[in-house]
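Trainee: I'd like to learn how to read a protein structure, one feature at a time. Can you walk me through this one?

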Amino acid sequence: MLAQRTNLFSSSGTAAARAAAKAAADAGMEIIDLTAGEIWTNLAPVIRDGAIEAINKGINRYTETIGTMELREALARKISLDTGQIWKAEEIAVTSGAKQALFNAAMVLLNPGDAVIIPAPYWTTFPAQVLIAGGTPVFVDTGTSGYVPRVVDIKAAVTDRTRAIVINTPNNPTGAVYDVPTLRGIADLAVKRNLWIIFDECYGDFVHGHHTHHPIASIIPGVRSRTLIVNGFSKSLALTGWRIGYLAGPKEVINAVKAFQSHTTSNPNVIAQHAVLAHLQRGDGAYESKLRSQLASARQMGLDVLSSLTRVPVPKAAGGFYFYLNLSRLLQSASGNGGRTTADDIVDSLLSEAGVAAVSGTTFGDPTGLRLSYGIPPERLRIGLSRLVEVLNAWQ
Ligand code: PLP
């Protein structure tokens, strides 16, 4: 009845985990939901004012397909600052969230059968979009190298069919932040083998401890013309529902994206565009600093609680706002997992026994992982993680 294409994807696993949490809560259970890919904080005042201003001015028509010139110019200034290079408005497309930026990139770059290298564990949408665009995802496991890919492994995965590499740092779900030698090695490979780098830096504002986020576009000379930067404001401004993201890259790619987007969604929401423009023009950075320090203290508190886990290593959580637990030891211990053999089983048990909702690593191509978001209010986080530790430590 439906197109064959529908066999290539199913509803995102994170959405399914959220739905399971909601169903349990609706059934009367007291649930602490650690599935969300978003931060609980209130709206930034400058965003609210920018949106109200746009409404009061009666700004309600279509804009240019890939965003207003003013917004693209403001983004060009931001990306120039981020990368230390000069970027122009014509190299930027504003999209309905970073998700659309990624989809646009896949649709304008991939021919049928083109391979796209994706380090695993991966954000679940990467392979789904590659498949929808007719490409073939090729996974490179990072589980034995601290969730940062080894350049030799990426090199070994490249064939004549390889068209692109997806790099997501800080990483969802693992929280890994890629170091300079890794980024340099990947950039070098991309230049030598004429590959595209799709560089998703949606969590770039959230790095912890001694870690630093490095934009790949300026990591070695010559890589910028092979790079497509993907970013947005869902995470950095806790603005998931407003749907503003962007894609930055060579003009020819952006022109193709503009044509494609003109037949799909047209411009992103005009009010949200104005709100983000207000932030870029008038934001003083106070909101982002507060957000970062809130997350830093939530992370520290969470790590303190998780340090009591007996059979699960405490995660590094270098970036983003996720704790990614490696459950291998727990799953392998014949007597200690109560018959639970996959991360999915553990997620089900956590929900029913501890009232804690988490996302199984299966969603991210890793049957031994578990993702916990710490973007929720700290008092709830503490209760949720404490219950989780108690249950995981107690299984016989
Ligand atoms: N890229 C990564 C790695 C993400 O985790 C997400 C959202 O969870 C996105 C892109 C999409 O974000 P947006 O809300 O801007 O579409």
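Predicted model: local features only at pLDDT ≥ 70, side-chain atom pairs only at ≥ 80, totals over all residues.

Trainee: Which sheet has E9 and E12 in its order?

Mentor: An open sheet of three strands, ordered E9-E12-E11, with antiparallel pairing. Strand E9 (322-326) and strand E11 (359-360) are at the edges with a single partner strand each, so one side of each has no neighbour in the sheet. Helix H12 (residues 343-354) packs on this sheet and touches E11 and E12. The direction of H12 makes about 40° with that of E12.

Trainee: How should I think about pairing in general?

Mentor: Strands of a sheet pair through backbone hydrogen bonds, and the pairing is either parallel or antiparallel. This protein also has an open sheet of seven strands with mixed pairing, in the order E2-E8-E7-E6-E5-E3-E4.

Trainee: Which strands stand at the edges of that sheet, and why is one side of each left without a neighbour?

Mentor: Strand E2 (92-95) and strand E4 (136-141) do, and because each has a single partner strand, one side of each lacks a neighbour in the sheet. From one strand to the next, the twist averages 20°.

Trainee: In which sense do E3 and E5 pair?

Mentor: Strand E3 (residues 115-120) pairs with strand E5 (residues 162-168) in the parallel sense, over three bridges. For Val116, the bridge partner in E5 is Ala164. A helix packs on this sheet too: H8 (residues 251-264) touches E2, strand E7 (227-232) and strand E8 (245-248). The direction of H8 makes about 30° with that of E2.

Trainee: What about helices that pack on each other?

Mentor: Two packed helices are described by the angle between their axes and the distance between the axes. Here, helix H4 (residues 97-109) and helix H5 (residues 125-132) pack at an angle of about 35°, and their axes are 9 Å apart. H4 passes H5 in a right-handed crossing.

Trainee: Which residues in H4 and H5 meet?

Mentor: From H4 come Lys99, Leu102, Phe103 and Ala106; from H5 come Thr125, Gln129 and Val130. By class, the residues of this contact are four nonpolar, two polar and one charged.

Trainee: H4 again, then. Which residues are closest to the ligand?

Mentor: The closest are Gly97, Ala98, Lys99, Gly232 and Ser234, out of 13 residues that surround the ligand. H4 gives the largest share of that shell, three residues. The shell has three nonpolar, eight polar and two charged residues.

Trainee: Let's zoom out. How is the protein divided into domains?

Mentor: Into domain 1 (4-42 + 287-394) and domain 2 (60-282). Their C-alpha centres lie 26 Å apart. The contact takes 32 residues from domain 1 and 31 residues from domain 2.

Trainee: Which elements supply the side of domain 1 that touches domain 2?

Mentor: Helix H1 (13-26), helix H10 (286-306), E9 and E12 each supply at least two residues of that side. H10 gives the largest share, six residues. By class, that side of domain 1 has 13 nonpolar, 11 polar and eight charged residues.

Notes: Residues numbered from 1 in each chain as written. Pairing = 2+ DSSP bridges. Helix = DSSP H or I, 4+ residues; strand = E, 2+ residues; numbered from the N terminus. Axes fitted to C-alpha atoms, helices over the stretch in contact; angles between N-to-C directions. Contact = placed C-beta atoms within 7 Å. Left-handed = near helix turned anticlockwise from the far one by under 90°. Nonpolar A, V, L, I, M, F, W, Y, C, P; charged D, E, K, R; others polar. Domains from an automatic or database assignment. Near = placed C-beta within 6 Å.
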